[in-house]
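Good morning. Please have the sequence and the model open while I talk. I will go through a few local features and then stop.

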Amino acid sequence: MPVRTPENFDIRQELPLRLRATVDAMLGREEALLGWFEVDLDARLNFVDSFVLLTDKRIVGTSGGDLRPTSPQNNGAPGGMEDAAAGEKSWPLSAELSIQSKEKGGAGALELVDANGLLAQWRFTPARTKAAHHFVDRLKQFRSGSLSDGDLSESSEVLCPSCGSPIKGDQGLCETCIALPGTRPGRSLLRLLRFARKRGAMSFLGLVLTVGSTSAGMVPPYLTKPILDKVLVPYQNGQEAAFRLIPWLLGGLAAASILTWILSWARTYVVAWVSERIAADLRNQTYAHLQRLSLEYFGGKRTGDLIARVSTDTDRICYFLSVYLVDFANDILMIVMTAGILLSIDVRLAAATLIPLPLIAWLVHQVRSRLRGGFQLGSRAWADMTSVLADTIPGIRVVKAFAQEHREIERFRRANDRVLHANDRVNRLWSFFGPVIVLLTDLGILIVWIVGVWQVYNKNVTVGTLTLFVAYISRFYVRLDSMSRMVSATQRTAAAAQRVFGILDREATVPEPVHPIKTGRLSGRIEFRDVGFRYGARTVVEGLNLTIEPGEMIGLVGPSGSGKTTVVNLVCRFYDVAEGTVLIDGTDVRSFSIEEYRQHIGLVLQEPFLFYGTIAENISYGRPGATREEIISAARAARAHEFILRLPDGYDSLVGERGQSLSGGERQRISIARALLIDPRILILDEATSSVDTETEREIQLALDNLIQGRTTIAIAHRLSTLSRASRLVVMERGHIVEIGPHQELLAQGGTYSRLYRAQSDHLEERAL
């Protein structure tokens, strides 16, 4: 990559048009612009439009940043030269001057510092993080003399709709997604053949039956030629007619028709059998792969979209394989066989049939990509509509409680209208394309009649030959018209397959170890060593060091967003650390098999999730083979046995979807029983009593006392009174541990925990009054 010196290096022409006039007015002709950064937040984190410039002489910041006052000792240098009228400030480049990008409180900060400290600070949203790092690199490259033609400016990036990575060019997907086998429609359809390998014998039988039925269907037109030339035409002209052939010819016609029907029936059944199983395998594999993907994947997806991919899209693929693909194979064979017969009969007549073909091929090519785009748009619109259903049906109680039925009806109507508009777009295109193909095929048949009549007139062919030719050419063009209709079905299915393989090609961000270590019987010692974690560009946990001894209970406290839930997610290995290590009994948690390791973890959430089924099935979810005695024992320990017996069918009572037929406290106790049954060595309590009343909390707390005995327990709670049994409290703030110790000791320190505790106590006293 060529290196350029600052003297001949100026990238003003690469500035966005909206900035060029302003920047030209700010910079002198002798200055070379080396880079710029667009700032989108002010010091109070309000949205602004501002920017910072890097030239070969100075750094210039406009209003919107936190611009520190000019140093009085040096009259502006190097503390800064300010143009109050322009709302800008500049700092000459010096050896002490540096710029760095940091993350602060969920937003980014671009800091300009020198030997005396901070000179200026510009805040930005996480979406600008990459551009901020790029701006910092520009100054480093300038000082090292390595400025290059690549990455000259902060370019506005278009992100990949599949993974969110930057897109180069107009390809529509990033390079990584383009490289995935399932992201191109043609490849997506070809990849379906992999699922046919398991049904190889039946697939081959279907192919043989297709060839047989197509071949049998070619016989009847061929038998019409001798009927005309040897029987009907001679008889009409007063010549000797070979009526003795009639029984054989008509018998052949009947036999060919019956054989075609039998083979077609068998072919349809076999292909439908194969396609149903291919679709079932595809659904099973897609759902299984979804279960193996990390939580990070689901965080960026809508439930309705995933449901549509596993159900609607796979069903569309099944229909294509069982109906359209069979017709397509039959059409191909029919066209090839017909073309061979036509060429063997008369080359000139056969050539006449090909006149419309180039135009038909051109139309198919033009329509194909537009149809694919329309079907992809329709699939996304359909997924959005399904997502509305997935949102509102489980939340119907909230909808009715807030009397928002009309709002949800309107929301669904808008989503349904998007489906309608996407389908209308396809239908407008198809309504033109289909009739044009029919017109061209009719034109081809007309050409055959014109050429054929001329040939008969000149006695070059017989009437039987022309009739045979017309019969075959009619089939030829019917099949050609059918194949043109396949364009629509193929592109619709390609879009569906692309969405399905978009799931199958995703790799889990929490991978299985290549050579997993057996967990054995864990003691439950947990150690965090210099752990750091980020959600995208936002740092959530940084430099975390903590050791939890076997059987110890600690409480995680701190304001919202301090990183408490992230810590337990790392223990459960729902996510992997970005820095450092999480050790379980001295072994890196990433060395264990995920499934085997999680069997040692019990999880009780703030909002317990129950599956549709019986109470016994929900309690034994972690141990499906548990006996009824073990289930009852766990329920007793969780103080759930009594209320379960009061239900109409006891442990066999259905709880309804998400446990809606039970109260919040009852659902929580069943959740505790579910955790007790698997006898975990590590227990996670995430706000387990935050959403219940005082009496229910007391019952749940008694159940938790049974649950935590002898287990390493990490409890998160905003009700600090519920952590009274914790041996230590770990206080977190902005991703760091700020205090550790027992309750009384932390109160005496008068720090963060003391402030939180007193604020909560004052709130409770106010409520009591």
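Is Asp679 buried or exposed, or partly exposed? Asp679 is partly exposed, because its relative accessible area is 34%. The cut-offs behind these words are these: buried means under 20% relative accessible area, exposed means over 50%, and partly exposed is in between, with a 1.4 Å probe and protein chains only.

Two remarks on where the values come from. This is a predicted model, in which local features need pLDDT of at least 70 and side-chain atom pairs count only at pLDDT 80 or more, while totals for chains, interfaces and linings use all residues. Residues are numbered from 1 along each chain as its sequence is written, and side-chain values use heavy atoms, with hydrogens and water left out.

Back to Asp679. The side chain of Asp679 meets that of Arg711 in a salt bridge, at 2.7 Å from N to O. The pair links distant parts of the chain, 32 residues apart: Asp679 is in the loop between helix H21 (664-677) and strand S18 (682-686), and Arg711 is in the loop between helix H22 (694-708) and strand S19 (712-716). Helices (H or I, at least four residues) and strands (E, at least two) are DSSP runs, numbered from the N terminus. Arg711 is buried, with a relative accessible area of 8%. By salt bridge I mean a side-chain nitrogen of Lys or Arg within 4 Å of a carboxyl oxygen of Asp or Glu. In general, side chains of opposite charge can pair when their charged atoms come close.

How many salt bridges does a search of the whole structure find? The search finds 19. Another one is formed by Glu410 and Arg413, with the closest N and O atoms 2.3 Å apart. Both residues lie in helix H14 (residues 405-457), three residues apart, which is about one turn of the helix. Glu410 counts as partly exposed at 31% relative accessibility, and Arg413 counts as partly exposed at 39%. These two also belong to a network of salt bridges that links Glu410, Arg413, Arg414 and Asp417. A further salt bridge joins Asp56 to Lys57, where the closest N and O atoms are 3.8 Å apart. There, Asp56 counts as buried at 19% relative accessibility, whereas Lys57 is partly exposed at 40%.

Next, strand S18. Five of its five residues are buried. Ile682, Ile684 and Asp686 are on one side and Leu683 and Leu685 on the other, so both faces of S18 are covered. Which strands does S18 run parallel to? Strand S17 (residues 601-604) is joined to S18 by four bridges, in parallel, and five bridges join S18 to S19, also parallel. Two strands are said to pair if DSSP finds at least two bridges between them.

Inside the order, five bridges join strand S12 (residues 526-535) to strand S15 (residues 579-584). Ile526 stands opposite Ile584 in S15. Strand S12 also holds Asp530, whose phi is near 50°, a positive value in a residue other than glycine.

Last, helix H6 (residues 200-217). H6 has 18 residues and reaches 26 Å from its first C-alpha to its last, close to the 26 Å expected at 1.5 Å a residue; the expected span is 1.5 Å times one less than the number of residues. Which residues of H6 are buried? They are Gly206, Leu209, Thr210, Ser213, Thr214, Ala216 and Gly217. The face turned away from the buried side carries the exposed residues Ala201 and Phe204.

That is the end of my part.
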